[in-house]
Amino acid sequence: MTVRRLAEAAVQPAAFAFKGEKVAEAQRWIAKYPKGREQSAIIPLLMLAQEQEGWVTKAAIEQIADMLGMAYIRALEVATFYTQFQLKPVGTRAHIQVCGTTPCMLRGSEALMDVCRDKIHHDQFHTNAAGTLSWEEVECLGACVNAPMVMIFKDTYEDLTPERLAEIIDAFEAGNGASVPTGPQTARTFSAPISGFTTLTDEKPLLKVNRDKEARAEAKAAKAAGAAAATPPVAPSKAARPKTDAIETSPAVKSPSPVKVAPSAEKAASAAAPKHVAKAANATAAEAEQAVRQRKAAAKPVEPAAAYKAPEAGRGKPAGADRLAATPADVPAEKGIASAGRDKGRPSLDDRNRPAAIEKPAAVDDLKLISGVGPKIEGILHSLGIYTFAQIAGWKKAEREWVDGYLNFKGRIERDDWVRQAKALAKGGVAEYVRVFGKKPV
Ligand code: FES
């Protein structure tokens with residue numbers, strides 16, 4: 001591999017811009033990638049620039065880097081790494097890429113390069129005097145079966161002899177490149193043997209045998225299907241049915257629940273029973289019994305809801321807190337964090353100890369940097385109006401216990417030392433965290 005550098009300044013155009021259809025095509029490529037990952041479009045955009053200009057200019061590299069929000073050096077690295085990008089002007093009518101890899105070399109690619117030297121320029125990457133033709137030696141282009149071969153723009157010309165390549169070059173030089181048939185330049189069909197088919201020559205009779213065989217099998221299957229249709233249907237198996245005696249599978253429980261289930265709601269739930277049971281009318285007796293069990297379970301108050309008291313005026317409830325801080329009864333359903341199983345053993349919460357909530361700030365800290373906080377927990381903290389390391393760093397013991405109880409964490413907030421972690425992150429971000437804990441946040 002040779003060193004690839006940009007063309008000398010004298011031949012570099014002052015500016016570059018996509019033109020015509022290429023403008024929309026470039027935008028289409030950029031839109032394929034997620035926001036913030038637009039740089040992934042660098043290769044297709046460089047290819048578009050090359051298709052438009054014939055080669056990749058310095059101005060094009062810089063313009064594309066600007067479009068993608070990349071440093072120029074990053075775009076330059078890509079353009080100079082991949083040999084598909086031409087960094088110098090190439091022939092305006094043809095740039096001939098001669099494969100020099102082993103199969104093509106063994107089949108005479110050196111002689112093809114001699115033709116290029118004679119007709120275009122002694123050295124590759126130089127145009128002829130008129131600037132219409134240029135050539136280069138490339139690695140395998142994937143048509144080895146028809147070696148030797150060349151590629152001109154996007155087409156391959158295979159099974160070449162020096163004489164045939166000379167004719168092709170002449171045709172392109174005369175502006176008749178489009179008239180040259182692509183692919184094998186012999187009587188070969190695609191990559192089939194040049195002497196004609198050597199296998200499957202009796203394909204047609206074989207196919208007939210197969211067709212007859214298939215027809216007989218189909219007739220047999222149709223006959224069997226007719227017999228099956230006359231057979232009484234077998235009741236479908238219930239083996240794959242999910243177990244539905246868990247409270248969260250009750251149809252009465254919605255997430256997030258549109259209905260506030262209060263301790264006194266048992267009566268209301270009982271009133272709804274006929275409808276629910278009627279729905280189960282077609283179910284088996286066991287299923288109906290199970291539905292009743294689920295309904296009763298759903299009517300039981302959820303413990304945190306029972307323990308929840310409205311925040312006192314001025315404490316932990318800023319303007320707009322109705323939106324910010326859902327009641328504990330709502331939040332577990334929204335976040336799916338507290339299943340009925342997790343609610344068991346959840347301590348009663350005195351909301352006077354609930355940490356103060358804030359309006360969502362423009363810049364929210366990544367609370368997941370705190371060991372013990374994952375995406376779900378972060379979501380719950382947000383629903384409580386906790387968005388910053390500084391808030392957590394300021395939690396008193398009672399507040400920590402409130403959150404710990406709310407999350408049913410059984411002391412994990414203390415064990416993971418959220419407050420110390422949050423203090424470090426609030427003070428100096430990850431660097432301070434590393435200084436304090438001797439490791440990066442996980
Ligand atoms: S070696 Fe020439 S195309 Fe593969």
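The buried residues of helix H6 are covered by elements including strands S1 (94-99), S2 (133-138) and S3 (150-152). Helices H5 (102-106) and H7 (162-173) are also among the elements that cover them. The model is predicted.

**Helix H6**
- H6 spans residues 109-119.
- Its buried residues are Ser109, Leu112, Met113, Val115 and Cys116.
- These residues lie on the same side of H6, because they cover an arc of only 150° around the axis.

**Helices H2 and H4**
- H2 covers residues 42-53, and H4 covers residues 72-81.
- The two helices pack at an angle of about 65°, and their axes are 11 Å apart.
- H2 is therefore roughly perpendicular to H4, since angles of 65 to 115 degrees count as such.
- The crossing of H2 past H4 is right-handed.
- From H2, the residues Ile42, Ile43 and Leu46 make the contact. They meet Ala75, Val78 and Ala79 of H4.
- The residues of this contact comprise 6 nonpolar, no polar and no charged.

**Gly142**
- The loop between S2 and S3 contains Gly142.
- Gly142 has 63% relative accessibility, so it counts as exposed; the cut-off for exposed is over 50%.
- Gly142 and Thr156 are 14 residues apart in sequence. In space, the C-alpha to C-alpha distance between Gly142 and Thr156 is 9.8 Å.

Note on methods
Residues numbered from 1 in each chain as written. Predicted model: local features only at pLDDT ≥ 70, side-chain atom pairs only at ≥ 80, totals over all residues. Heavy atoms only, no water. Axes fitted to C-alpha atoms, helices over the stretch in contact; angles between N-to-C directions. Helix = DSSP H or I, 4+ residues; strand = E, 2+ residues; numbered from the N terminus. Parallel < 35°, antiparallel > 145°, perpendicular 65-115°, else oblique. Left-handed = near helix turned anticlockwise from the far one by under 90°. Contact = heavy atoms within 4.5 Å. Nonpolar A, V, L, I, M, F, W, Y, C, P; charged D, E, K, R; others polar. Buried < 20%, exposed > 50% of the residue type's maximum accessible area, 1.4 Å probe, protein only. Arc of directions from axis to C-beta.
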